[in-house]
Every structure is written in structure tokens, then in C-alpha cells.
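Thanks for making time this morning; I would like to walk you through one model and then take your comments. Please have a look at the sequence and the structure first.

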Amino acid sequence: MELRKPPPVRRLSDAWTPPTATPPTTNGNGHHPVTSFVGAPQRAAPSSIAIDRMHVENLSVSYGEKPAVKSVSLPIRQGEVLALIGPSGCGKTTLLRSLNRLTELTRGASLSGRITLDGVDIASMEATSLRRRVTMVFQQPNPFPMSVFDNVAYVLREQASRRPRRAAVRGAVNDALGRAGLLDEVADNLDHPALRLSGGQQQRLCIARALAADPEVLLLDEPCSALDPVSTRLIEELIIKLRGDVAIVIVTHNLQQAYRVADYVAFMYLGELVEYGSAHKLFGTPSQQRTRDYVSGAFG
Amino acid sequence: MSTAPTATAGVRPRAGTASAYRLTDRLGLGLAWFFGLLFCAIAGAIVIYFAIEGIRYLRPGLLFTNPAPGVSESQTGGFLDPMLGTFIIGAMAMAIALPVGVAMAVWLSEFGRPTALARVAESAIEMMAGEPAVVLALFGLTLFELHALSFLSQTTNGVVLGQSFFAAAALLALVGLPMVVANTREGLQAIPSHVREASYALGKTKIATTRRVLLPAVRPSVITGTMLGLGRVIGDTAIVLLLMGGTLTFQPANSVPVLGLLRGTGDTLTGYIYYNAPTGDGNQPDKAYAAAFVLMLMVLALNLGVDLVVNRSRNAVRWS
Amino acid sequence: MDEDDFLEQDHGISQDQRAELGLGALVFAVVGLLLAMFAFVVHEAWPSFAHNGIGWFGPGGNLAQQIQAIITSGELKEAPVYTFHAWPLIWSTILIAAGAVAIAFPASLFISVFIVEFAPPWLRRTLEPVVRLLASVPSVIYGLAGVLVIVPLIGNHLITQSEKASVTPIIQLSGASLLAAVLILTVMIAPIMIAVFVDGLRAVPRGWLEGSLALGVNPWRTFWKVGVRTIRPVLVAGTVLATARAMGEAIMLSMVSGSVPFAPNPIDGLIFIFEPSQPLAATIIHNTEALNSAPMKATLYAIGAVLLFSSAMLSLIGWTAKRPMRRYGVIA
């Protein structure tokens with residue numbers, strides 16, 4: 001029996017650097033947007049409110065020896081949507097999770113710097129109280145194995161000192177479902193098991209659940225990455241609608257989504273905040289080369 | 001709701017409790033602590049109690065003398081035979097349970113057709129794991145009293161005794177079997193399918209894959225299952241009482257060296273303890289304490305062994 | 001390349017088939033053995049059931065005398081007497097098992113929650129081996145501890161002389177009692193429940209727990225409202241398995257529950273927990289010397305058959321109760 005020779009092995013070179021973008025050609029008026037989608041008509045007008053809610057001051061987070069976030073400072077305002085963008089592993093999710101102190105659930109996580117909510121250092125609050133005011137929606141929709149009604153009412157029931165009767169919370173549940181744009185679809189049967197909803201509906205249910213707590217800040221961790229385009233569009237419209245009531249911070253991989261949805265954008269790379277600015281500026285005329293490279297798709 | 005601007009910034013007024021924990025939550029947490037610590041205390045008490053009493057009554061001589069019928073403490077000898085009995089019966093039972101258990105686990109995990117048989121086999125293992133040992137012992141009695149199986153024990157006057165090392169070992173194998181099957185199966189199911197597919201893609205048969213790739217990989221699970229099964233086997237009393245004849249010393253069936261012994265009657269540490277407890281016929285609590293101490297040491301050693309194996313395997317193989 | 005591959009290159013497929021047949025036959029044989037067990041036990045037990053009918057399970061007459069009559073009839077080789085009304089034994093089994101499960105269930109649930117979530121790491125590292133240790137202690141050692149410590153404690157310190165005097169005509173209150181049996185059995189079955197519950201809790205999807213925490217619900221509540229609620233089938237499974245174990249326990253109970261086939265009566269008041277009794281499995285152990293009396297043998301096998309079927313039924317229920325967990329992707 002003959003032995004066949006194995007196919008030749010190709011090696012990647014050991015050092016790999018992200019490619020830099022070639023400067024695009026001008027299109028007439030001298031200034032050219034770095035990204036092709038700037039100027040696309042999907043954006044809504046900026047809202048008229050801007051209320052300071054949270055401040056991140058020189059925040060650094062490490063898991064054991066490895067630094068995940070290095071000395072980041074940001075404001076978070078009600079009336080604005082802040083998008084955190086950057087390639088995988090840049091620390092944007094860690095930054096988001098430190099805003100409601102979920103980083104404490106990870107063993108070995110250490111924090112330095114300060115985050116304040118309405119002027120009060122969040123480290124001095126009870127974590128559970130903080131998380132009532134800063135709620136989070138996760139990447140993978142995670143409705144509880146209960147009915148739609150119970151999911152949304154969950155927060156209201158578990159936060160009150162005495163368990164409220166169903167009639168008492170029904171109004172708040174309908175309200176939250178309405179704000180999340182889900183009420184029409186589930187109104188006829190609120191006792192439907194939540195796990196039987198479609199992915200997009202489940203995610204909107206999670207948003208409704210988070211809104212039921214009447215938070216001041218809503219954190220969204222790549223909420224649409226597991227969803228189809230129609231659900232994505234619905235949720236993006238929802239986010240723009242909600243921004244006047246709650247400060248919204250959204251982590252996203254999708255640059256077009258960030259452009260559609262955000263008022264301000266923070267670009268992070270390897271744990272550092274490379275650039276922070278309005279969406280129009282960051283996508284149109286970023287001041288940092290690295291930002292320019294990322295948003296034009298040179299690496300990611 | 002439209003995005004109406006709020007006039008004032010700052011903290012929204014919030015109804016509800018000042019603290020996030022209600023009173024019932026605190027009570028619940030306290031109860032959890034209480035029960036957890038209570039459990040540790042009970043375990044500690046048992047271990048310490050038997051350690052103290054055991055050390056008080058255990059003399060090395062006991063380990064090396066045979067039991068003898070008698071009345072007072074000095075007459076009744078030690079427990080060499082029962083201790084050897086425990087070792088022998090444990091080895092015999094697991095010698096049957098290990099290969100049979102691994103074979104069953106392999107079949108359930110890798111083959112498993114027809115599905116009806118697989119389902120029945122799974123429930124059979126579950127049922128066997130939950131069966132009272134007393135019932136297994138009764139079954140063993142009828143089984144080994146059959147003339148067809150008389151070669152496994154002694155026959156007097158045409159009546160098969162049905163009680164011997166063989167008989168007890170066979171039933172004890174049933175006691176240890178579910179542990180081996182469950183652990184081996186768990187280990188096999190933990191191996192991701194791409195490992196098997198890689199082997200099939202190289203042209204190996206399923207059985208060769210199992211022998212050369214899978215079984216070596218689940219060795220820790222097999223060892224764990226065997227040790228856990230062995231723990232159950234050496235701790236059993238009911239089967240020993242009914243199927244080993246309960247003679248304080250070995251009573252071989254004939255003078256053939258090993259087989260005669262195994263066809264004969266004897267006892268184990270558990271039977272010895274039962275006999276010497278205040279409720280038993282022998283009523284020598286001191287001896288019972290000493291034997292209990294030795295048995296506890298064996299059980300502890302097996303537990304430690306399981307912990308060691310599990311810890312080492314956790315750090316060893318990592319499937320990507 | 002192994003010799004296996006060279007030599008079996010062409011017989012690859014049939015080698016697998018042969019292995020499958022061989023292993024399958026082995027599995028079949030073991031299953032057959034189990035079925036044979038059912039058949040054998042019922043066959044031996046049949047005379048006792050046939051003679052007593054449904055009254056086998058009911059009350060009637062002095063059970064101790066009935067047992068004696070059965071034994072003597074066999075030893076003297078007279079016409080076999082099978083009259084047997086096992087209700088006191090059944091009642092004792094129910095009381096002891098139910099008592100132990102009733103105490104063990106909440107304790108085990110709290111301990112499980114504690115182990116999975118709320119214990120500090122040093123305590124968790126101690127508790128898990130402790131649970132495993134308690135699960136592996138042989139029942140005869142539990143019995144020994146019971147007989148030498150718990151029973152005298154109850155008999156000498158908890159039962160008053162007047163209480164003893166009040167029941168002397170009927171039974172002796174020596175400390176071997178329901179209370180002793182239930183206490184020790186609780187410690188014996190708790191590890192089973194804890195092992196099952198802990199596995200179930202650990203399999204709850206992390207996303208649900210995180211999601212609840214991220215809504216501002218405190219960890220204790222999160223665990224109970226989301227975690228424990230989700231594993232309700234696992235709670236059933238663990239309880240059923242523990243009940244099966246409790247009903248089948250023979251050795252420890254034979255040492256500690258008293259050897260009198262007496263049915264404790266709750267109407268007697270508090271004293272009833274001090275009364276001795278004899279559960280089904282312990283009855284078999286107590287009468288093993290009488291196995292050569294044919295009617296007694298049938299009677300003991302009848303008791304065994306009852307235990308066999310009830311424990312098989314409970315094991316099956318416990319196993320099927322774990323299945324719904326797969327619906328949520330939780331595999332327990």
C-alpha cells in the first residue's frame with residue numbers, strides 16, 4: 001500500500017499589522033466623508049435634550065493581569081444615544097458592563113477610576129440599587145421562562161417591598177410594552193409563554209422588561225446581532241424614540257447601525273478610547289488615523 | 001410615548017424600599033448559612049466520633065487475628081477474616097462491574113440501536129441504582145439456589161445453599177454497575193463529536209476509534225465510576241447478610257485453594273459491624289467501633305482518590 | 001499504522017457490526033437479568049399474596065403473632081399459614097420516609113442554593129466534599145452511630161419515665177423510635193437531594209441569572225425566582241429519588257427504629273414520635289433466619305416485591321421528571 005504525501009503547509013507570517021487605508025479620492029468639494037454611508041437619510045434629527053446622567057472618569061478595568069479598559073473618560077447624557085464601537089476585544093463590552101457593575105460578577109476583575117451617576121459615585125451605592133437605575137439588555141435575548149406579562153412584571157414585583165397584585169402592575173406592564181413597541185403584537189394574550197416569541201419579539205420584550213424598571217440609563221450590548229433586519233430596524237427606531245427619556249449606551253459591531261442610531265460615538269481600540277465625538281464628525285471627518293482606518297473598513 | 005423633554009435633571013424620585021434586600025431575603029440567606037454550617041457540623045461530628053472511638057478500641061492485633069465466637073471482649077478475637085472478606089468481595093464485584101459497565105456505556109453512547117432497547121436499558125440502570133439492596137439480596141437467594149448454579153456455592157443433602165462469595169459478588173456487581181455506567185457515559189458524552197469524526201475520516205472503524213481514542217480519554221471517568229461503585233459495594237450490608245452465610249471466619253467449600261474459598265461462606269466488615277452492634281447477636285460494641293473505624297478509613301481513602309482523579313483530569317485534557 | 005487497520009482494512013464494516021451485536025447482547029442480558037429479578041421475586045412471593053389478597057396491605061390482628069404463626073407452620077412442616085396483614089409495616093415505612101423527606105427537602109434546597117451561589121469559596125470547597133462524604137458512609141455505620149448515640153440519648157434524656165410507664169402494657173419506649181429513624185434517615189438522604197439539586201442549579205442558563213441581576217433584583221431573589229423556579233422538575237426528581245432511597249433503607253432502620261411491628265398512632269400525641277415500629281425493609285432483615293420456613297420465605301418475598309415495585313416506580317418517575325429540563329436547553 002502506498003502512502004500518499006501530505007499536502008504542503010502554508011504559514012501566515014508571524015507579525016501581522018492591520019492594513020492602513022489608502023486615502024480615498026476627493027469627490028468634488030474637497031471634503032470627502034471617510035465612510036460611504038455618511039449622509040445617508042436614515043438618521044433622525046438630534047433631540048433637543050441633553051441632561052448629564054453618568055460620567056466615566058479615568059476608568060481602568062483589568063481581569064487579573066490583563067488590562068481590558070485603559071483610562072477611559074466619557075459623559076453619558078439623557079437625550080443622546082452613545083455608541084461604543086471598535087473591533088473585538090477592544091474593551092467596549094467591558095466598559096459597558098462596568099457602568100452597572102456587572103464586572104463584579106467576574107472573578108479577578110479589578111477597577112480603578114470613578115463612575116458617577118447623577119453625581120454620586122456608583123461604587124458607593126448598593127449594586128442592586130444601582131442596577132435598578134441602570135438596566136441592561138443583552139446580546140442574546142434572555143426572557144425568563146414565564147409568560148410575557150410575568151416577564152415585564154418581574155422587575156416591578158421583585159423590587160417592591162410587598163408583592164403588588166396583578167391589577168396594580170397591569171398598567172405599568174402595558175406602558176412598558178407600549179414603549180418597547182411590542183404591545184400591539186402581544187396585547188391579545190399577555191400570558192403567552194415568552195420563550196415562544198420570535199427572536200426579535202423576545203429582544204423587544206427584554207427591552208420592555210428593562211424599561212419597566214423606569215431606569216435612568218439603558219445599556220444595550222449588541223442587541224441586534226442575533227436578529228433579522230426587520231427586527232433590527234424596529235429596535236433601532238425604538239432606541240431613537242426612547243432617547244429622550246433614558247440615556248442610552250449601545251455597544252455595536254455594526255458601523256452602519258452606529259451611524260443610524262447614535263448621536264455620539266466612542267471608538268475604542270485595545271482598551272483605549274481612541275476618539276470620542278459626534279457621529280457625524282467621527283464617521284465623516286475623524287481626527288485620528290486609527291479611527292479613519294477602522295470606520296473605512298481597513299480592519300475590523 | 002413622545003420624547004417630551006423633562007424640565008429638571010437629577011435623581012428621579014423613587015418609590016420602594018431603601019435597601020434592595022427585604023427581610024425575607026435576609027432570613028433566607030441566614031437559613032442557607034445555618035443549614036450549610038449545620039451540615040458541616042454533622043459530618044464533622046460523625047467523623048470525629050468514629051475517629052475517637054475507633055482509636056480507643058482499635059489495636060493492631062485486631063487487624064491480624066481472626067474472629068472467634070465468645071462472650072467477652074478478649075475472647076472474640078479480631079476481624080482479619082471480615083476485613084479480607086471486604087477486600088475480596090470488593091475486588092470480585094468490581095471485576096465484573098467494570099468491564100460490563102464500560103461495555104454498556106460504550107454501547108449506549110456510541111451505538112444505541114434499536115432505540116427501544118437503549119431507552120429500556122437506561123431506565124433499567126436507573127432502576128437498579130435505586131433498588132433496595134435487600135431486594136437484590138432476595139433475588140440473589142432464589143437465583144443461586146437454583147441447581148444450575150450450584151457450582152457457585154455449596155450443596156448439602158441435595159439442597160443448594162446459595163450463599164457464597166460468588167453469590168454475593170454477583171449481586172454486588174449489580175450494585176456497583178450503575179456508577180460505572182453513569183460515569184463512563186458522562187465521560188464519553190463529554191468528548192466532542194469532532195474527535196470521533198476525525199478518527200472516522202482517517203478510515204478507522206467505530207470500535208477501533210472507541211478502543212484507541214475514546215476509552216483512553218475517558219479513563220478518569222471510568223476510574224471515578226469504579227471507585228464510587230466500590231465505595232457502594234464495600235458499604236453494603238444487606239446483600240452480605242443474606243448471601244455470604246455470615247460465618248465469622250472463612251469456611252471454604254472444599255480444599256481447592258482459591259475456588260474453594262470463593263464457593264464458601266464468610267463475612268465482611270459491614271456484616272461484622274452489624275453482628276457486633278448492640279442490636280446484633282455478638283454485641284461487642286468495642287469491636288464494632290474498631291471495625292467501623294477501619295471501614296470509614298477505607299471509604300475516606302476512596303473519596304480522596306476520587307477527588308484526586310477528578311482534579312487531575314480537570315487539568316489534563318482540554319477539548320477545544 | 002496499527003496492525004488492526006492493516007488486517008481489518010477490508011472487514012471494517014463487519015467488525016463494527018460484530019462489536020455492535022456483541023455489546024448489544026451484553027446490554028440485553030443485563031436488562032434481562034433485571035426482568036428476571038422481577039419475575040423471580042414475584043414468583044416466590046405469590047403464595048403470600050394469593051392467600052391474603054388485598055388484605056395483605058391492610059390492618060388486622062396482631063402482626064407479631066401472625067409472623068410467629070407463619071414461621072412455626074413452616075418449621076413444623078404443617079399446613080402452611082400465610083395470614084399476614086402488613087399495614088403496621090407499611091405505615092411505619094410511610095411515616096419514616098415521609099418524615100425524613102419532609103425535613104431533608106427544605107434543608108437540601110437551602111444547602112444547594114448556598115453551595116452554588118452564596119457560600120464563600122472556602123466554605124464551598126469544604127461543603128462539596130462533606131456532602132460526598134456523607135453520601136458514601138455505609139448505612140451500617142449510620143446505624144451504629146444511631147444505636148450507640150442517638151437511641152440512648154432519646155431513651156434516657158428525651159423520654160420521661162411517666163411517658164414510658166403510660167405505654168408499658170403495649171410497647172417499650174427505649175429510644176429506638178420514629179424520631180431516631182427519621183433524624184438519621186434525613187442525614188442519609190439529604191446528600192442525594194443536594195447532588196441532584198446542585199447539578200440542576202448549575203445548569204440554569206447564566207443569561208437568565210445575569211439578566212435578572214441586570215434589572216436590579218438582588219442575588220438572593222434572583223436565585224429563587226429564576227433559578228429554583230426553573231429547576232422545578234429537578235426538585236421533583238431529587239425528591240423522588242430520595243424517597244426511593246428512604247423506603248429501601250433496611251440496615252440502619254433495622255438497628256434504630258425498634259423491632260416491633262407496631263403502628264405508631266399520631267392520635268397518641270407527642271409521644272408517638274418516641275414509639276418504635278418496623279418498616280418493611282427492616283422486617284426482612286430481622287427475619288432472615290426464618291428464610292428456611294417456606295411460608296415465611298414467601299411472606300418475606302412478598303415484602304420484597306412491594307419494595308421492588310415501589311422503588312422501581314419512583315426511580316422511573318424521578319428519571320422522567322428530569323426530562324422537561326431539556327426544553328430550556330438545560331440538561332440535568
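This is a predicted model: local features need pLDDT of at least 70, side-chain atom pairs count only at pLDDT 80 or more; totals for chains, interfaces and linings use all residues.

I will start with a strand in chain A, go on to a pair of helices in that chain, and finish with chains B and C.

Let me begin with strand β8 of chain A, which covers residues 247-251 and is mostly covered, with 5 of its 5 residues buried. Looking at the side chains, Ala247(A), Val249(A) and Val251(A) point one way from the strand, while Ile248(A) and Ile250(A) point the other way, and all are buried. Which strands does β8(A) pair with? One is β3 of chain A, residues 81-85, which pairs with β8(A) in the parallel sense over 4 bridges, and here Val81(A) stands opposite Ile248(A). Another is β7 of chain A, residues 217-221, which also runs in the parallel sense with β8(A), over 5 bridges, and in this case Leu219(A) is the residue standing opposite Val249(A).

Now to the helices of chain A. Helix α3, residues 148-159, packs against helix α6, residues 199-212, at an angle of about 30°, with the axes 7 Å apart. Because angles under 35 degrees count as roughly parallel, α3(A) is roughly parallel to α6(A), and the crossing of the two is right-handed. On the α3(A) side the contact includes Val148(A), Asn151(A) and Tyr154(A), and on the α6(A) side Leu205(A), Ala208(A), Arg209(A) and Ala212(A). By class, this contact has 8 nonpolar, 1 polar and 1 charged residues.

Finally, chains B and C: how many residues are in contact there? There are 65 residues of chain B in contact with 70 residues of chain C. On the chain B side, the largest share, 14 residues, comes from helix α1(B), residues 23-57, and that side of chain B has 47 nonpolar, 12 polar and 6 charged residues.

A helix pair between these chains deserves a look as well. The axes of α5(B), residues 133-144, and α14(C), residues 294-321, come within 9 Å and cross at roughly 130°, which makes α5(B) oblique to α14(C), in a left-handed crossing. Here Val134(B), Val135(B) and Leu138(B) meet Tyr301(C), Gly304(C), Leu307(C) and Leu308(C), and these residues divide into 6 nonpolar, 1 polar and no charged.

I will stop there and take questions.

Note on methods:
Residues are numbered from 1 along each chain as its sequence is written. Chains are lettered from A and ligands numbered from 1 in the order in which they are written. Two residues are in contact if their C-beta atoms, placed from the backbone, lie within 7 Å. Ala, Val, Leu, Ile, Met, Phe, Trp, Tyr, Cys and Pro count as nonpolar, Asp, Glu, Lys and Arg as charged, and the others, Gly among them, as polar. Axes are lines fitted to C-alpha atoms, for helices over the stretch in contact, and angles run from 0 to 180 degrees between N-to-C directions. Angles under 35 degrees count as roughly parallel, over 145 as roughly antiparallel, 65 to 115 as roughly perpendicular and the rest as oblique. A crossing is left-handed if the near helix is turned anticlockwise from the far one by less than a right angle, and right-handed if clockwise. A residue is buried if 20 or more other C-beta atoms lie within 10 Å of its own, exposed if 12 or fewer, and partly exposed in between; C-beta atoms are placed from the backbone. Two strands pair if DSSP finds at least two bridges between them.
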